[in-house]
Amino acid sequence: MDKQLTPNEGAPQENQRKKRKKRKKRRLFGMRPIPFVLLSTVLIAITTVAICGMAFALYVNKYINPTIDINLDDFRLNFTSFVTYIDSEGNEQVLEELHGSENRIWADMDEISPQLQQAFVAIEDNRFYEHGGVDWKRSIGAALNYIVPFRDNFGGGSTITQQLIKNITGDDETSVKRKITEIMRALELEDKYEKDDILEFYLNTIYLGQNAYGVKAAAQTYFGKEPSQLTLVECAAIAGITKNPYKYDPVRFPEFNKERRDLVLEQMYKYGSISKAEMEEAQAQELVLYEPTEEEEDEEVWSYFVDEVFTSVVEDLMEKKGYSQTVARQMVYTGGLRIVSTIDPAIQAKMDAVFQNEDNLPGVLGKDGTMPQCAMVIMDQHTGEVKALYGGRGEKEGNLVLNRATRTTRSPGSSIKPVSVYAPALEMGLITPASVLDDVPQDFSIKSSGWPKNSTNGGVWQGRMTVKKAIEVSNNTIPVDLIQQMGADASFDFATEKLGLPLEEGRTVTDKKGNTRTVSDKGLAPLALGGLTDGVSVLDMTAAYAAFGNYGYYNEPKVYTKVYDSQGNVILDNTGETVEAMSQKTADYMLDLLVNVVTGPQGTGARAKIQGIETAGKTGTTDDDYDRWFVGMTPYYTAAVWFGYDTPQAVKGVKSNPALAIWKDVMEDVHADLPNAEFDRKTAMKTVYVCADSGLKPTEYCSSDIRGSRVISARVAAEDVPTASCDMHVAAQIDSQTGQLANDYCPVADVKTVGMLRVDRSFPVSGVRVSDGGYVLPGSDSSGYPAASGADSPNHTCTLHNAENDGNAPVEPDPNDPNNPTDPNDPNNPTDPDDPNNPTDPDDPDPDGGGETTPDPEEPPDPDDNQDPGTTVTPSSP
């Protein structure tokens with residue numbers, strides 16, 4: 001019989017079952033965690049990798065360009081390139097052959113010693129023939145060594161293919177983007193070309209010191225041999241240069257090169273390229289370097305123009321094709337290119353004649369023992385084509401030397417004013433050529449006595465001045481005033497965006513002591529006076545001015561138009577960009593203003609006149625007198641000249657502006673056989689009369705100004721003819737004896753009405769002298785101090801006449817006055833009644849003539865007599 005359990009007896013068993021269930025749950029979630037954690041980790045890792053992969057793919061798609069526009073066959077040609085020009089009949093003629101010197105010639109693979117190839121592979125990329133462009137093992141190792149350094153001599157992770165990519169593009173930026181791009185391009189290059197092709201290209205483009213690009217150049221430079229003739233030690237010496245072309249240069253540092261080439265030989269032995277005996281023999285050999293003769297060092301000297309063509313084409317290949325400088329230069333030298341230049345040989349010859357004759361170039365030795373330099377550019381303003389240029393003083397002595405016409409920048413001084421001040425002010429409608437502004441100091445914080453000063457008229461401020469006169473005399477204050485009115489941003493944008501000047505918007509610089517400051521050309525002094533941060537080139541200024549003679553259109557300057565490859569295909573089209581910089585009216589106004597600089601009575605460019613050819617231009621001198629400029633134009637050409645020292649210092653030993661003198665010498669010869677011509681202006685102009693002090697319609701007081709008539713003529717467009725009358729001139733009473741303001745005591749007969757100025761002008765300091773300050777009526781200034789003027793100035797009240805010297809008081813005879821004698825014996829004033837010359841009527845009741853005459857009672861007055869009863873009557877003689 002089964003035992004029946006009571007509820008209490010079954011309780012322990014039930015509790016045990018519950019405990020067992022709990023233990024199962026704990027084992028599921030707590031007793032066995034490792035597989036679950038691993039599974040979770042794997043899932044998270046997979047998800048993370050997927051997300052990162054997608055992000056990386058998006059990044060590559062958006063920011064990475066894995067392709068590179070390069071064809072190795074273009075560099076194997078060894079064809080001479082040509083610079084050509086178009087003659088006057090439209091035919092293409094050869095100007096120069098760009099075969100260059102031997103250190104720029106390509107070497108095919110069969111011309112390169114196998115040991116030289118092995119030396120580079122051993123030291124630079126021993127797994128070159130095994131990887132597909134990227135040595136992943138080496139790259140990962142280099143990355144880990146970078147994060148946690150464990151070997152000092154691990155080296156970089158770049159393969160020869162990757163190094164070639166860097167040599168082709170010139171991109172050596174340290175960034176993830178650059179490295180990823182390099183890797184992807186290396187993979188693409190390996191897919192496209194064979195290993196020997198890649199190694200050949202690498203060996204011909206790598207820089208090996210002493211201006212030698214490629215192994216052929218290095219073999220000739222260091223050993224005077226072809227790369228196929230090199231010995232083992234010479235191969236090792238050249239391959240060792242690669243890591244640091246300066247440090248391991250065998251000419252400069254033979255001991256460092258010895259250390260490096262021994263390492264190269266060890267690597268060659270390690271990877272089986274040479275035997276141990278060959279290694280030890282080469283390590284024991286002395287390296288004998290080559291010394292070229294003077295005849296071998298001589299090379300054909302290109303002109304400055306050809307230098308610029310070469311440099312411009314190289315730069316454009318780098319920019320538009322993505323080539324490195326090394327690759328671009330190699331392509332120009334050996335690619336069989338045909339470069340169509342813009343030169344006019346006849347004009348260039350005339351420029352050469354002036355610049356190569358030292359007698360035409362003034363100056364004395366500077367403080368650094370050098371003579372001043374000069375440079376010039378002539379451009380066709382209608383096309384932007386440069387027709388001639390010269391980049392230095394005297395004969396040119398080498399290729400690709402400093403070209404001061406295009407490759408150096410200097411402050412332009414006042415020659416910047418037409419570009420950054422007057423043209424934008426005209427374009428914005430702030431002024432016309434007839435507008436008048438005040439030539440007075442604009443700032444007293446820069447200089448307590450007033451800033452800026454003027455370089456003309458002894459530095460004295462002139463006062464009221466027309467825009468036409470301001471540019472004629474190269475005034476400084478009015479440009480500053482106009483920049484303040486239009487805003488520095490507007491001026492800067494016009495000069496840079498419309499007329500192509502490479503001005504500095506702003507950057508931070510650090511001095512030798514570690515102090516930082518911000519420099520910028522977006523300010524009053526740079527834009528109004530031309531003291532720039534970095535400066536502009538002669539080419540820049542020529543192109544900017546050319547727009548004035550090209551109906552307001554700016555052409556980007558160019559020294560070549562097109563480049564053709566050896567198959568006749570256009571690879572560079574340099575037609576250039578044309579920008580509408582300003583209206584036709586503004587351009588015509590600028591022509592008139594700049595012509596007046598040459599023809600005006602005080603024009604700073606008067607020497608630029610060319611007989612029969614209308615000429616316009618502007619001089620420029622920096623405040624420190626370091627740079628002299630003249631930029632001028634004719635209906636045919638625009639040209640600019642700079643004169644100064646390479647190391648900035650004051651120009652000495654010259655009597656006038658040497659830049660202007662050089663400009664005249666060249667341009668007069670250039671125009672000698674050209675027909676007489678004037679600028680082609682399109683704007684209809686009217687000649688009107690305005691007041692020289694207000695720019696408005698003249699009034700009677702403008703004509704009767706105390707200085708003489710202030711009415712002048714001006715040429716303006718119909719819409720700019722002033723309609724308002726002058727508000728500057730008012731009537732003033734002047735004592736003609738003193739020429740000063742009349743007072744109540746000045747003789748009425750001597751007082752005359754003239755015109756004088758009423759100008760709202762005052763200064764925060766006293767003593768500011770303004771030339772027209774003496775013609776401004778007192779009280780015209782609203783606040784502060786008026787312009788200083790001498791005590792005898794017209795705007796001072798007459799001090800000659802006063803209460804003691806009343807010019808209107810009756811004049812009484814002075815008995816002591818010798819001019820009014822009363823001596824009866826004085827023959828000049830006889831009073832003797834017996835004197836026949838002065839008879840006295842004994843019946844005259846007023847014999848002295850001092851009182852009124854009493855009528856004779858026996859003779860009544862004639863009623864018809866119209867005699868004024870107040871008029872003195874003299875009786876008839878008996």
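**Exercise 1. Find how many aromatic pairs the model holds, and classify the pair Phe128 and Tyr129.**

Step 1. The rule is that rings of Phe, Tyr and Trp (its six-membered ring) pair if their centres lie within 6.5 Å, and that planes under 30 degrees apart count as stacked, over 60 as edge-to-face and the rest as tilted. By this rule the count is 16 aromatic pairs.

Step 2. For Phe128 and Tyr129 the ring centres are 4.9 Å apart and the planes stand at 75 degrees, so this pair is edge-to-face.

Step 3. Burial is judged by relative accessible area, where buried means under 20%, exposed over 50% and partly exposed in between (1.4 Å probe, protein chains only). Phe128, at 0% relative accessibility, counts as buried, whereas Tyr129, with a relative accessible area of 48%, is partly exposed.

Step 4. A further pair joins Tyr222 and Phe223, whose centres are 6.3 Å apart with planes at 55 degrees, so the pair is tilted; both Tyr222 and Phe223 are buried.

The model used here is predicted: local features need pLDDT of at least 70 and side-chain atom pairs count only at pLDDT 80 or more, while totals for chains, interfaces and linings use all residues. Residues are numbered from 1 along each chain as its sequence is written, and side-chain values use heavy atoms, with hydrogens and water left out.

**Exercise 2. Decide which rings have the charged end of Lys396 or Arg338 over them.**

Step 1. A charge sits over a ring if NZ of Lys or CZ of Arg is within 6 Å of the ring centre and within 35 degrees of the ring normal.

Step 2. Arg338 lies over the face of Tyr564, at 4.1 Å from the ring centre, and the charged end of Lys396 sits over the ring of Tyr304, 5.4 Å from its centre.

**Exercise 3. Describe how strands E8 and E9 are arranged.**

Step 1. Strands (E, at least two residues) and helices (H or I, at least four) are DSSP runs numbered from the N terminus, and two strands pair if DSSP finds at least two bridges between them.

Step 2. Strand E8 (residues 507-510) pairs with strand E9 (residues 516-519) in the antiparallel sense, over four bridges, and Arg507 stands opposite Val519 in E9.

Step 3. E8 and E9 form a hairpin with five residues between them, and in the turn Gly514 has a positive phi of about 90 degrees.
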